Amino acid sequence: MVSVLIAGGAGYIGSTVASACLDAGITPVILDNLVRGRREFTDGRIFYEGDISDGALVDRIFAEHPDISAVVHCAALIVVPESVADPMGYYEANVAKSLAFVGHLHRNGCDRLIFSSSGSIYRAEDGSPVTEESPLAPQSPYARTKAVCEEMFADIAAAGAMRVLSLRYFNPVGSDPLLRTGLQLKRPSHALGKLIQAHQEGTAFPVTGVNYPTRDGSGIRDYVHVWDLAAAHIAAVDRFDSVLTESNRSVAINLGTGSGTTVRELCAAFNNVVSAPLATVDADPRPGDVAGGYTRSDRAEKLLGWTPKLSLEEGIRSALDWIPVRDGMLKD
């Protein structure tokens, strides 16, 4: 039986990856300090509560699970406005602790690292697609911590201490189809969360910005089902040694739909799922809003054999189905 250590495995993405591992016959071993993750998402799973920078704990995990073949590193703080207010805290949690973590992994002989990176490291302002070769221009301390970690890991990999596959997520939506895990926040700030809130409250949803250079004038983002993201991690574990070799020790791969979804299209997809249609109202852009962008996923298909399988409507439906399950599962 193969095991995979998932740092941050009690969070939204990490716990969904853990579910996908279980379904694929891989044993997930979860490490999470529960600063943002939820203990409820570790029920019935091998779980160590603690910090990725705790070398003694990481040593203990490898001693007790010598069959760990790879590490998925999802542990991070991810709230953009919070990162602006507390950049020191974000660099400590996301960069300094990640450096300590890879040192602990190297000491334990583990050289396979799958890193949760982010599409936010691209500028993506004009509604056009990006590829892995597009210039990086992170716009927040959070995004910069992801870019810094990628560069740091690439340097460590080049020196021969590690091989690193950085998966650059775009905008995850939805939940585990079996509703084992999902988004923990009751009032998420992303567009789908705001749509659900407006629908629950019976208010019109403001389409902020309608004159962008996109196909319908509204902003564009790349919404990818979280279960498809989880499937990409399983593919990354399976194909790690063929993607990353001694001569090519670090690779970045974008994970998105390949086409993107405008705000108007998101609203239309939402109305295809719900019984009572949601009204929308055009509004001015908010300060700092940009047209957005999306990613090509050619490299993911070529290297991982991965393409997204689930539709936006399926993501919206699973997000809605998850709400009563979440409210019954989470203790506070």
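These exercises, each with a worked solution, concern one predicted model.

Residues are numbered from 1 along each chain as its sequence is written, and side-chain values use heavy atoms, with hydrogens and water left out. Because the model is predicted, local features need pLDDT of at least 70 and side-chain atom pairs count only at pLDDT 80 or more, whereas totals for chains, interfaces and linings use all residues.

**Exercise 1. Helix H4**

Task: Describe the span of helix H4, say where H4 is kinked, and state which of its residues are buried.

Solution: Begin with the element itself, bearing in mind that helices (H or I, at least four residues) and strands (E, at least two) are DSSP runs, numbered from the N terminus. Helix H4 covers residues 87-107, which is 21 residues, and reaches 29 Å from its first C-alpha to its last, close to the expected 30 Å; the expected span is 1.5 Å times one less than the number of residues.

Next, look for a bend, defined at a residue as the angle between axes fitted to the seven residues ending there and the seven starting there. H4 has a kink of about 30°, centred on Ser98.

Then turn to burial, where buried means under 20% relative accessible area, exposed over 50%, and partly exposed in between (1.4 Å probe, protein chains only). Ser98 is among the buried residues of H4, which also include Tyr90, Asn94, Phe101 and Leu105. An α-helix has 3.6 residues a turn, so residues three or four places apart point the same way. After H4 comes Gly109, with a positive phi near 75°.

**Exercise 2. The largest cavity**

Task: Find which residues line the largest cavity and which element gives the largest share of that lining.

Solution: On a 1 Å grid over the protein atoms alone, a cavity is a set of points where a 1.4 Å probe fits but cannot get out, and a pocket is an open set with protein on both sides within 12 Å along at least five of seven lines; lining residues have an atom within 4 Å of a point. Grid points are joined across faces, edges and corners, and a volume is the space filled by probe spheres set on the points.

The count is one cavity of 30 Å³ or more, and the largest cavity has a volume of about 30 Å³. Its lining consists of His73, Ala75, Ala76, Asn94, Ser98, Phe115, Thr145, Lys146 and Cys149. Two or more lining residues come from each of H4 and helix H5 (141-158), and H5 gives the largest share, three residues.

**Exercise 3. Cysteines without a disulfide**

Task: State how many disulfides the structure holds, and explain why Cys21 forms no such bond.

Solution: A disulfide is a pair of cysteine sulfur atoms within 2.5 Å, and the structure holds zero of them. For Cys21, the closest cysteine sulfur is that of Cys74, and because the two sulfurs are 9.7 Å apart, they are too far for a bond. Cys21 is also buried, at 2% relative accessibility, and Cys267 is buried at 5%.
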